[in-house]
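This briefing goes through one protein chain by topic. Please have the sequence and the 3D view open while reading.

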Amino acid sequence: MSVHDEHPTITAYPDGPLLVRGAVDLVDADGAPIEQRRRTVALCRCGLSAIKPFCDGTHKPAGFRTDD
């Protein structure tokens with residue numbers, strides 16, 4: 001089953017990224033498509049990632065906390 005055959009889900013990981021699973025069209029701030037190469041991608045919520053929009057784990061040493 002390819003990634004584009006699955007219904008999308010977005011899960012907020014406690015004190016971490018948004019986990020996106022399934023068929024979604026990711027675009028950058030200018031509307032240009034971002035290739036999704038994996039079944040699950042982690043999107044940055046802390047704003048500190050060096051590889052935005054993807055999470056690079058920077059939230060952990062930065063002490064990022066969420067309310068959820």
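Predicted model: local features only at pLDDT ≥ 70, side-chain atom pairs only at ≥ 80, totals over all residues.

Glu35 forms a salt bridge with Arg37, and their closest N and O atoms lie 3.6 Å apart. Both of these residues, Glu35 and Arg37, are exposed.

**Salt bridges**

- The structure holds two salt bridges.
- Besides the pair of Glu35 and Arg37, the side chains of Arg65 and Asp15 meet in a salt bridge, at 4.0 Å from N to O.
- Arg65 and Asp15 are 50 residues apart, and their pair links distant parts of the chain.
- Arg65 belongs to the segment after α1 (59-62), while Asp15 sits in the loop between β1 and β2.
- Arg65 counts as exposed because its relative accessible area is 60%, and the cut-off for exposed is over 50%.
- Asp15 has a relative accessible area of 26%, so it is classed as partly exposed; the buried class would require a value under 20%.

**Chain layout**

- The chain contains one helix and five strands.
- Read from the N terminus, the elements follow the order β-β-β-β-β-α.
- Of the 68 residues in the chain, 26% are buried.

**The three-stranded sheet**

- Three strands make up an open sheet in the order β1-β2-β5, and their pairing is antiparallel.
- The edge strands, each pairing on one side only, are β1 (9-12) and β5 (40-43).
- On average, neighbouring strands of this sheet are turned by 20 degrees against each other, with direction ignored.
- Strands of a sheet pair through backbone hydrogen bonds, in a parallel or an antiparallel manner.
- Strand β2 (residues 18-21) and β5 run antiparallel and are joined by four bridges.
- Across these two strands, Arg21 stands opposite Thr40 in β5, and Leu19 stands opposite Ala42 in β5.
- In a regular strand, side chains alternate between the two faces of the sheet.
- Val41 and Leu43 form the covered face of β5, whereas Thr40 and Ala42 form its uncovered face.

**The largest pocket**

- The largest pocket has a volume of about 210 Å³.
- Its lining consists of Glu35, Gln36, Arg37, Arg38, Thr40, Val41, Ala42, Ile51, Phe54 and Cys55.
- By class, the lining of the largest pocket comprises five nonpolar, two polar and three charged residues.

**The largest cavity**

- Rolling a probe the size of a water molecule over the atoms shows where empty space remains.
- The count comes to one cavity of 30 Å³ or more.
- The largest cavity has a volume of about 30 Å³.
- Gly16, Pro17, Cys44, Arg45, Cys46, Cys55, Gly57, Thr58 and His59 line the largest cavity.
- The lining of the largest cavity divides into four nonpolar, four polar and one charged residues.

Terms used
Residues numbered from 1 in each chain as written. Heavy atoms only, no water. Pairing = 2+ DSSP bridges. Axes fitted to C-alpha atoms, helices over the stretch in contact; angles between N-to-C directions. 1 Å grid on protein atoms, 1.4 Å probe; cavity = no way out; pocket = protein on both sides within 12 Å on 5 of 7 lines; lining within 4 Å. Points joined across faces, edges and corners; volume = space filled by probe spheres on them. Nonpolar A, V, L, I, M, F, W, Y, C, P; charged D, E, K, R; others polar. Buried < 20%, exposed > 50% of the residue type's maximum accessible area, 1.4 Å probe, protein only.
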